[in-house]
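Here is a short report on the fold of a two-chain model. It takes the sheets in turn, then the cores, then some backbone details.

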Amino acid sequence: MKKKALITGVTGQDGAYLAEFLLAKGYEVHGLKRRTSLFNTDRIDHLYQDPHEEDKKFFLHHGDLTDSSSLIHIMEKVQPDELYNLAAQSHVAVSFEEPEYTANSDALGTLRLLEAIRILGLNKKTRFYQASTSELFGLVQETPQKETTPFYPRSPYACAKLYSYWITINYREAYDMYACNGILFNHESPLRGETFVTRKITRALARIKLQLQDCLYLGNLNARRDWGHAKDYVEMQWLMLQQDAPQDFVIASGEQHSVRDFVDMAAVELGIQVKWQGKGIEEKGYNEAGKCIVAVDPRYFRPTEVETLLGDPSLAKEKLGWTPKITFKEMVEEMVREDLKAAERDELVKRHGYTVYDYNE
Amino acid sequence: MTTKKALIIGVSGQDGSYLAKLLLEKGYKVTGASRDAMLSSFSNLSHLGILGEVELHSVSLNDFRSVLQVLKKCQPDEVYNLAGQSSVGLSFEMPVETFESISVGVLNLLEAIRFLEKPTRIYNASSSECFGNTEGHPATESTPFRPRSPYAVAKSAAFWQVANHREAYGMHACSGLLFNHESPLRPDRFVTRKIVKTACRIAAGKVKKLRLGNLSVLRDWGWAPEYVEAMWLMLQQDDADDYIIATGQTYSLQEFVAEAFNRLGMDWHDHVEHNPDLIRPTDIQLSLANPAKAERQLGWKAHHAMRDVVRIMIEEELAAQQ
């Protein structure tokens with residue numbers, strides 16, 4: 001029989017890749033989306049099926065992780081075999097500005113889903129995946145970080161995700177549910193939100209290349225992250241729910257780069273050699289013509305920074321056969337290519353006298 | 001010297017009442033907050049004879065306005081957050097309320113203090129439950145958490161929120177990782193009070209049986225009036241930090257029960273019945289503490305261990321039942 005999956009956060013980067021992946025596996029896929037006044041389904045536009053089509057496999061439902069009754073209604077209707085909780089206020093910097101909302105959606109949202117499973121008596125049927133995060137390691141207690149490394153969260157986002165991590169384990173142990181955490185390190189793609197640093201870099205450099213923008217402002221250039229491709233990572237989310245017993249896994253590339261490295265690599269893809277000068281907040285990146293195209297803006301510093309994250313995915317390698325297919329370099333190339341295409345489209349539209357939005361933060 | 005002002009949130013509870021008493025003795029002006037100050041009887045404050053000396057306000061930590069309002073009104077030097085759904089057992093029945101009162105609550109409090117930009121110091125009641133099973137090694141302040149109930153998970157998130165506000169905004173914010181601490185002011189639903197109260201009633205011939213869940217759990221039981229002193233000490237340090245507060249001695253629940261019945265001249269085997277309904281979906285088997293840091297840095301040390309706690313609770317219970 002055809003399996004059913006429900007994805008919260010289906011309109012996000014991971015949700016879109018996971019939906020596509022599960023549809024290809026023959027799943028009937030249901031997605032939860034929030035009501036917004038602007039369309040927010042760009043990332044799943046290619047998967048959309050008209051409600052009048054026959055043999056429909058992809059369904060969207062309005063709901064919200066801050067609304068228990070909406071979750072219970074949808075869970076009752078869908079009765080999913082697998083539930084992927086990818087919805088969240090997922091931006092670390094924004095969590096300092098909206099800590100309570102972050103707690104409500106990222107911590108309580110998970111609890112509401114686990115409760116919906118229990119209330120509907122789906123403990124034995126529905127397997128639950130919780131999107132945990134390398135941000136839990138925050139001020140890292142050892143390097144590289146693995147499943148047994150103690151947590152030290154450094155933001156309201158990470159504190160909320162810590163709650164979700166442990167409540168998922170508690171429900172697994174207390175109510176014998178198949179529930180597990182994927183502790184995913186940073187994973188990027190052309191579908192990454194425009195305000196996340198990697199996408200911000202590739203998008204800005206592409207626009208600078210086409211003279212749609214002057215300068216890229218960044219926060220901590222020294223921050224080091226373990227970056228992989230989201231497309232590889234969603235496969236692991238699915239695999240975690242296909243095991244005999246639920247277990248938590250670190251998913252990472254095992255490779256680390258600084259934000260500055262990322263800028264360099266993306267620039268090279270566009271044929272730009274960035275020349276760095278200055279230190280600290282005075283550090284600037286210049287192009288060959290001597291024009292400043294990258295600068296530091298302390299506004300993007302966080303009250304508490306996470307300086308370095310590096311994952312050790314040995315357990316996932318051993319038990320899930322984790323072998324990421326897309327290299328860091330390939331990922332950066334793809335992101336630059338896609339953002340250049342978008343910038344070219346904008347440039348074309350602008351040249352013909354139509355309005356182009358800059359979509360500043 | 002000007003009078004120091006303290007705000008105790010959760011003043012109607014066991015710790016809130018003992019802390020109010022301690023701070024009044026130290027010359028503080030004490031303001032207490034409770035969810036509904038009009039409706040609450042504050043029987044613990046009455047019991048300690050200080051009901052008239054504490055200014056009382058209604059505050060719900062889930063409501064940012066109410067938090068901001070009480071802080072503006074009292075302008076406290078020190079805030080003690082002892083509020084929140086406090087029962088581990090109940091947290092399995094009310095997981096959302098548990099999170100909202102504990103975790104969202106402390107977040108609102110931290111944010112309101114930050115917003116007011118006053119050098120207000122804050123103590124937050126954390127819990128030994130964060131550690132879960134301590135697996136042979138007594139927990140220290142650097143032992144990783146392994147929470148085993150919705151209560152413990154919420155307290156763990158709150159612990160890190162406090163640490164994050166301290167590090168991100170330089171606030172003088174501390175968490176006290178208090179192990180179990182008991183007193184006659186414990187409500188009946190807590191197992192220690194239930195044991196003492198029922199054993200006294202059995203001794204008086206009023207009831208026959210005491211029904212309990214898992215007797216093999218091991219806990220570190222201390223004397224609540226001593227523990228509130230440690231809370232105060234944490235806020236008197238130059239640097240904010242987190243501390244374990246415990247006796248350092250662990251006993252089984254069965255030993256606690258045996259001690260209580262012994263004191264009353266009875267054998268617990270004759271009166272205790274096992275009730276499997278009282279077993280929690282997940283429980284902590286072993287809770288071990290190393291309170292060395294509190295002794296070294298705060299000069300705090302527990303003077304009462306389990307047997308003293310049982311003795312005093314029984315004395316007070318007998319006096320109350322007469």
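In what order do the 7 strands of the open sheet of chain B lie, and is their pairing parallel or antiparallel? The order is β3-β2-β1-β4-β5-β6-β11, and the pairing is parallel. β3 (55-58) and β11 (243-245) of chain B stand at the edges. Each has a single partner strand, so one side of each is left without a neighbour in the sheet. From one strand to the next, the twist averages 25°. The model is predicted, and every value here is computed from it.

**Inside the chain B sheet**

Strand β1 (residues 5-9) of chain B pairs with strand β2 (residues 29-34) of chain B. The two run in the parallel sense and share 5 bridges. Within this pairing, B:Leu7 stands opposite B:Thr31 in β2(B).

Helix α6 (residues 150-169) of chain B touches β5 (121-127) and β6 (173-178) of chain B. Helix α8 (residues 224-234) of chain B touches β4 (78-81), β5, β6 and β11 of chain B.

**The chain A sheet**

Chain A also has an open sheet, with 7 strands in the order β3-β2-β1-β4-β5-β6-β11 and parallel pairing. Neighbouring strands are turned by 20° against each other on average, direction ignored.

Strand β2 (residues 28-33) of chain A runs parallel to β3(A), and 5 bridges join them. A:Leu32 has A:His61 as its bridge partner in β3(A).

Helix α5 (residues 156-175) of chain A packs on the sheet against β5 (127-133) and β6 (179-184) of chain A. Helix α7 (residues 230-240) of chain A lies across β4 (82-85), β5, β6 and β11 of chain A.

| Helix | Reference strand | Angle |
|---|---|---|
| α5(A) | β5(A) | about 150° |
| α7(A) | β6(A) | about 160° |
| α6(B) | β5(B) | about 155° |
| α8(B) | β6(B) | about 155° |

**Cores**

In soluble globular proteins, nonpolar side chains tend to be buried together. Here the largest nonpolar core has 166 residues. A:Ile251 and B:Ile8 have the most contacts inside it. Helix α5(A) gives the largest share of this core, 11 residues. The core also draws at least three residues from each of domain 1 (5-181 + 222-245) and domain 2 (183-219 + 249-288 + 304-321) of chain B.

What does A:Ile251 contact, leaving aside its neighbours within four places in sequence? Its contacts include A:Ile183, A:Leu184 and A:Phe185, along with A:Tyr233, A:Met236 and A:Trp322.

**Backbone details in chain A**

A cis peptide bond joins A:Thr143 and A:Pro144, with omega about -5°. A:Pro144 lies in the loop between β5 and α5 of chain A.

For A:Asp55 the angle is about 55°. This residue sits in the loop between β2 and β3 of chain A. Is A:Asp55 buried or exposed? A:Asp55 is exposed, because there are 5 other C-beta atoms within 10 Å, and 12 or fewer count as exposed.

A:Gln79 has a phi of about 50°. Its place is in the loop between α2 (68-78) and β4 of chain A. A:Gln79 counts as partly exposed, with 13 C-beta neighbours inside 10 Å.

Key:
Residues numbered from 1 in each chain as written. Chains lettered and ligands numbered in written order. Predicted model: local features only at pLDDT ≥ 70, side-chain atom pairs only at ≥ 80, totals over all residues. Pairing = 2+ DSSP bridges. Helix = DSSP H or I, 4+ residues; strand = E, 2+ residues; numbered from the N terminus. Axes fitted to C-alpha atoms, helices over the stretch in contact; angles between N-to-C directions. Contact = placed C-beta atoms within 7 Å. Core = buried A, V, L, I, M, F, W, Y, C linked by C-beta atoms within 7 Å. Buried ≥ 20, exposed ≤ 12 C-beta atoms within 10 Å, placed from the backbone. Domains from an automatic or database assignment.
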